[in-house]
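The following note is intended for a reader who is new to this structure. Please read the numbered points alongside the sequence and the model.

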Amino acid sequence: MSKKIAIGGDHAGFDYKQQLVAYLEAEGYEVKDFGPFSDASVDYPDYVHPLCDAIETGEFKQGIVVCGSGNGVAITANKHQGIRAAICWNTDLAALSRQHNDANVISIPARFVPYELAQEMVGTFLSTEFEGGRHANRVNKIACK
């Protein structure tokens with residue numbers, strides 16, 4: 001398991017992002033924070049696109065994006081052919097996104113889940129392996145190019 005992780009989001013996810021960085025570093029991860037660096041209003045694509053570029057180039061294997069609903073950052077991330085971002089609101093979805101979809105980015109809806117659950121979902125996401133098998137054929141058909 002890679003111990004490097006990329007994280008980013010928007011102003012609505014800033015507090016969770018900061019807490020997740022501290023949690024991940026305490027767990028031994030090398031974390032690259034793509035921003036934002038305050039809770040001032042920002043445009044999330046300015047942070048999500050560079051994060052996804054870094055995953056697509058292989059600098060990172062996985063990433064975490066956090067915004068109010070989880071939707072905007074996930075939609076932006078999924079514009080990248082090499083990204084499979086999953087919005088999760090419980091640990092079962094976090095596990096299934098890895099097991100069945102080989103998701104490489106977890107999207108956290110900060111306004112809809114308590115921080116403790118967000119942290120638990122991230123832990124589940126990072127510790128769950130892709131099952132492969134019948135799921136691999138499906139995942140291989142996701143990208144458009």
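1. Strand 3 and strand 5 (residues 105–109) run parallel and are joined by five bridges. Strands here are DSSP runs of E with at least two residues, helices are runs of H or I with at least four residues, and both are numbered from the N terminus; two strands pair if DSSP finds at least two bridges between them. Across this pairing, Ile 64 stands opposite Ile 106, and Val 66 stands opposite Ile 108.

2. This is a predicted model, in which local features need pLDDT of at least 70, side-chain atom pairs count only at pLDDT 80 or more, and totals for chains, interfaces and linings use all residues. Residues are numbered from 1 along each chain as its sequence is written, and side-chain values use heavy atoms, with hydrogens and water left out.

3. Strand 3 (residues 63–67) also pairs with strand 1 (residues 4–9), in the parallel sense over four bridges. In this pairing Ile 7 stands opposite Ile 64.

4. Five of the five residues of strand 3 are buried (under 20% relative accessible area, with a 1.4 Å probe and protein chains only). Gly 63, Val 65 and Cys 67 lie on one side, with Ile 64 and Val 66 on the other.

5. Strand 5 is largely enclosed by the rest of the structure, because five of its five residues are buried. Val 105, Ser 107 and Pro 109 point one way, while Ile 106 and Ile 108 point the other way.

6. Strand 4 (residues 85–87) runs parallel to strand 5, with three bridges between them. The bridge partner of Ala 85 is Val 105.

Note on methods. Buried means under 20% relative accessible area, exposed over 50%, partly exposed in between (1.4 Å probe, protein chains only).
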